[in-house]
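Welcome! Please take a moment to look over the model below, and then let us walk through it together.

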Amino acid sequence: MPKQVNTKQKIVEAAIDLIAKYGYRGASVRKIAAEVGIRESAIYNHFKNKEEILKQIIAEIFVTPFEFKDVEEKAKRGKSFLREFVVAYKLIAFDKKKEKLFRVLMIELFQNRVLRESFIQEFHQKDIQQISKAFFIMMQEGLIRSGDPMFMAQEFLAPLFYIRLQISLLRIDAESTSSIATHFEKHVDFFWESIAV
């Protein structure tokens, strides 16, 4: 990896760590530089300003491991499609880097309008709309009862977000997450029972 790219990534990773601990305002350029082991002015060789670093972090926050490609076909598998989505969601919930990004999201969501707008757009576009499309297809296939697919998608996703929040809160206090490790799969089973024909 070229030195410049490596330094740029180190800056982003240091910023993620510091923002996850102190928030965006508390993670000064000076602290980020010290964490990386470079002069403060060297950061500007890689980023125009601190906001550019945050934009890079925001882009990483919204990278999703689940591929919605061919959702029309995948949705016809019903419960197994939901389980596949939840497994991908669970993997990011227990990933240490993604957890730091989630903390950044939680800390900055109420402080940063750009992040709020990105969250609403990305969460709505990539997850709720795609899952609602899948529920609509399942209804057409006769796999689930008829209803409002958008509402179903929100009801399906909200507990996943809450479980992910629980994991982060437990980890902050160095508590075990084993008691909720199976909640993702249990959620799929419980939810499917409530909508299946």
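Predicted model: local features only at pLDDT ≥ 70, side-chain atom pairs only at ≥ 80, totals over all residues.

Which residues does Thr 177 touch, not counting residues up to four places away in sequence? They are Phe 94, Ile 167, Leu 170 and Arg 171, where contact means heavy atoms within 4.5 Å. Thr 177 sits in the loop between helix H8 (149-172) and helix H9 (183-195), and it is buried, with a relative accessible area of 13%.

Residues are numbered from 1 along each chain as its sequence is written, and side-chain values use heavy atoms, leaving out hydrogens and water. Buried means under 20% relative accessible area and exposed over 50% (1.4 Å probe, protein chains only). Helices are DSSP runs (H or I, at least four residues), numbered from the N terminus.

Now turn to helix H2 (residues 29-36), where Val 29, Ile 32, Ala 33 and Val 36 are buried. Seen down the axis of H2, these buried residues fall within an arc of 95° (taken from the directions from the helix axis to the C-beta atoms), so they line one face of the helix. The face turned away from that buried side carries the exposed residues Arg 30 and Ala 34. Just after H2, Gly 37 takes a positive phi of about 90°.

Finally, look at Ile 131. Leaving aside its neighbours within four places in sequence, Ile 131 is in contact with Phe 68, Phe 81, Phe 85, Ala 153, Phe 156 and Leu 157.

Key: Helix = DSSP H or I, 4+ residues; strand = E, 2+ residues; numbered from the N terminus.
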